[in-house]
Amino acid sequence: MNSHTLDPLDRQLVHALQIDGRAPFSHVAEVLDVSDQTVARRYRKLRDSGAMRVLGLPDAGRFGHIEWLVRVQCTPDASSSVATALAKRDDTSWVSLTAGGTEIVCVTRAPHRADGESLLLQKLPRTPRVVAVTAHYILHTYSGGPTGWHGKAQALTARQAKLLSPRLPPPPPRREHVEMRDGDAGLFAALAADGRAGYPELAAFTGWSESTVKRRLEYLRDTRALFFDVEIDSVLLGYEAQVMLWLAVPPTELVNVAAGLAGHPEVVFAAATTGPTNLVAIVVCRDIDSFYDYLTTRIGALKAVSRVETAPVISAVKRAGRLLPSTRHGNPSLTGR
């Protein structure tokens, strides 16, 4: 992309695909009142330039898995190699360098009955340059992941958004888990690379017939075990500062604070966790001055917050299960995680 921002039609397309990543271009075109060719051309331009991609992701909780948010403190000379080692593992989905490059934050998934401590320790290279490790169990996600981030979805009218919303049955209770099938790993790998991949391509990845792929995809989506998201370069949306917040909140106030935080347009991700700080958030702002204003006014107004730790995200190493080229590390892309 030659421009550093998206025009109104591009923003509408991003919003439309955030609502339904697999919506037919003909339907999107009808709602946006443009031609099918225009929608397809705009999408290809954004995708081929690397500015945006649609991806399909598993909801770990629906499969009975747990997610850990791991903080790894390193000496500055080791952070890059340790982050790359973590990013190359299949069980990490999000790896970033923060705090001036001395800390790595990653998300890893594990089955409930696995030995969580040993799994976490196995991810780290055996080096004395790793000086501290803390692991936080993600208890509940309030913003990001399946809920998406509303900050990148503000271009459509309420009527347009309703017309584009997929018609899915009510979700089952969270306690009802979906069983992982042979072939699901291939299906999710293909959808993480291209959430709009056609049924023939998905059939080749899974070894299933196209009709089986279609039925499985619909089932996973209906049960909310699969969701679609839009990954987009933050600069194109006008956000140049990305910061992690670690907050301590009394348990009696956790739900109210987390729900309020999730409603802030600056918040990409918010979740309750275990640990001395029990609420984590990822915030994006226009620049550092804007973040300072957000911190002192919006966060400062949350009286129940007793402690706040901030850590600027300086480099994205892995997003949505994909190892990012080093040339993109300076411009973190924005997804739910």
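Trainee: Is Trp68 buried or exposed, and what is its relative accessible area?

Mentor: The model is a predicted one. Buried residues are those under 20% relative accessible area. Trp68 falls under that cut-off and is therefore buried, with a relative accessible area of 17%.

Trainee: Which aromatic pair is edge-to-face, and what is the angle between its planes?

Mentor: A pair of aromatic rings is described by the distance of the centres and the angle of the planes. The structure holds three aromatic pairs. In one of them, Phe63 and Phe188 lie 5.8 Å centre to centre. Planes over 60 degrees apart count as edge-to-face, and for Phe63 and Phe188 the angle is 85°.

Trainee: How many residues apart in sequence are the parts that the pair of Phe63 and Phe188 ties together?

Mentor: Phe63 is buried at 9% relative accessibility, and Phe188 is buried at 8%. Phe63 belongs to the loop between β1 and β2 (65-74), whereas Phe188 belongs to helix α7 (residues 184-193), so the parts tied together are apart in sequence by 125 residues.

Trainee: Why is the pair of Trp68 and Tyr137 tilted, given its planes?

Mentor: Planes under 30 degrees apart count as stacked and those over 60 as edge-to-face, with the rest tilted. The ring centres of Trp68 and Tyr137 are 5.7 Å apart. The pair links strand β2, which holds Trp68, to strand β5 (residues 130-143), which holds Tyr137. The pair is tilted because its planes are at 35°.

Trainee: In β6, which residue is the bridge partner of Pro58?

Mentor: Strand β1 (residues 52-58) has seven of its seven residues buried, and Pro58 points the same way from β1 as Met52, Val54 and Gly56. Seven bridges join β1 to β6, and the two strands run antiparallel. In β6, the partner of Pro58 is Leu226.

Trainee: What is the phi of Arg224, and where does Arg224 lie?

Mentor: Most residues other than glycine have a negative phi. Arg224 is not a glycine, yet its phi is positive, at about 65°. Arg224 is partly exposed at 22% relative accessibility. Its place is in the loop between α9 (210-222) and β6 (226-233).

Trainee: Over the ring of which residue does the charged end of Arg286 sit, and how far from its centre?

Mentor: Arg71 lies over the face of Trp246, at 4.0 Å from the ring centre. For Arg286, the charged end sits over the ring of Tyr239, with a distance from its centre of 4.4 Å.

Notes:
Residues are numbered from 1 along each chain as its sequence is written. This is a predicted model: local features need pLDDT of at least 70, side-chain atom pairs count only at pLDDT 80 or more; totals for chains, interfaces and linings use all residues. Side-chain values use heavy atoms; hydrogens and water are left out. Helices (H or I, at least four residues) and strands (E, at least two) are DSSP runs, numbered from the N terminus. Buried means under 20% relative accessible area, exposed over 50%, partly exposed in between (1.4 Å probe, protein chains only). Two strands pair if DSSP finds at least two bridges between them. Rings of Phe, Tyr and Trp (its six-membered ring) pair if their centres lie within 6.5 Å; planes under 30 degrees apart count as stacked, over 60 as edge-to-face and the rest as tilted. A charge sits over a ring if NZ of Lys or CZ of Arg is within 6 Å of the ring centre and within 35 degrees of the ring normal.
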